[in-house]
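Please look over the sequence and the structure shown here before reading on. The briefing that follows moves from the whole chain to single residues.

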Amino acid sequence: MTKTEIIEKVKDLIAAPSCYGPLKALAKEWLESVGTPDEKAMSAKLVAELEADVQTAEDSLRFFESETGKKIVGEDFAAQMAAHFRELIASGGKWCDCPACTPGRAILDNKEVIL
């Protein structure tokens, strides 16, 4: 993956409805740092945050099966998402495939490009 492709993945991350506020803000800050002396430090921050935030499929399943998950997203949506993650895991999926985790995982898989 090229740096230009990483930039596009960061933009996808920012646009994802499932990307939470602090990660979105950090991703925007990273984009603003590209080409500046702060870029390497911001890249390290972005990678560290993604390592903390990108979820495994099993973590996502546990969340949607939990009482907390059900309270946050509602019983029906939690049940739908739990079924989705059970299917994803059964088919060999390892990572959450939401619109934020997918580009986040791609960035992590290619982090050497920006570090």
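This is a predicted model: local features need pLDDT of at least 70, side-chain atom pairs count only at pLDDT 80 or more; totals for chains, interfaces and linings use all residues.

Residues are numbered from 1 along each chain as its sequence is written, and side-chain values use heavy atoms, with hydrogens and water left out. The chain contains seven helices and zero strands, where helices (H or I, at least four residues) and strands (E, at least two) are DSSP runs numbered from the N terminus.

**The chain as a whole**

- Of the 115 residues in the chain, 37% are buried; buried means under 20% relative accessible area, exposed means over 50%, and partly exposed lies in between, with a 1.4 Å probe and protein chains only.
- The accessible surface of the chain comes to about 6500 Å², and carbon and sulfur atoms account for 55% of this surface; such areas come from the Shrake-Rupley method with a 1.4 Å probe, and for residues only the protein chains shown count as cover.
- Among contacts between residues at least 6 apart in sequence, 61% join residues at least 24 apart, a contact being heavy atoms within 4.5 Å.

**The nonpolar core**

- The largest nonpolar core has 31 residues, and those with the most contacts inside it are V10, L13, W30, L46, L50 and F85. A nonpolar core is a set of buried Ala, Val, Leu, Ile, Met, Phe, Trp, Tyr and Cys residues joined through side-chain atoms within 4.5 Å.
- Two or more residues of this core come from each of α1 (3–15), α2 (21–33), α3 (39–53), α4 (57–65), α6 (75–90) and α7.
- V10 is in contact with A27, W30, L31, L46 and I107, leaving aside its neighbours within four places in sequence.

**Aromatic rings**

- The structure holds three aromatic pairs; rings of Phe, Tyr and Trp (its six-membered ring) pair if their centres lie within 6.5 Å, and planes under 30 degrees apart count as stacked, over 60 as edge-to-face and the rest as tilted.
- The rings of F63 and F64 have centres 5.0 Å apart and planes at 75°, so this pair is edge-to-face.
- The rings of F64 and F77 have centres 6.2 Å apart and planes at 85°, so they too form an edge-to-face pair. This pair links distant parts of the chain, since F64 is in helix α4 and F77 is in helix α6, 13 residues apart.
- F64 counts as buried at 12% relative accessibility, whereas F63 is partly exposed at 30% and F77 is partly exposed at 39%.
- One aromatic cluster is formed by F63, F64, F77 and F85.

- L61 lies in helix α4 and is buried, with a relative accessible area of 12%.
- Not counting residues up to four places away in sequence, L61 touches A82, F85, R86 and I89. The C-alpha atoms of L61 and A82 are separated by 5.2 Å, although the two residues are 21 residues apart along the chain.
- E65 is also found in helix α4, and E65 is partly exposed, with a relative accessible area of 41%.
- E65 touches K70, A82 and R86, again not counting residues up to four places away in sequence. From C-alpha to C-alpha, E65 and T4 are 38 Å apart in space, and they are 61 residues apart in sequence.

**Helix α7 and the segment after it**

- R105 is found in helix α7 and is buried, with a relative accessible area of 18%. Leaving aside its neighbours within four places in sequence, R105 is in contact with V54 and W95.
- N110 lies in the segment after α7 (101–109), and at 16% relative accessibility N110 counts as buried. N110 touches M1 and I6, not counting residues up to four places away in sequence.
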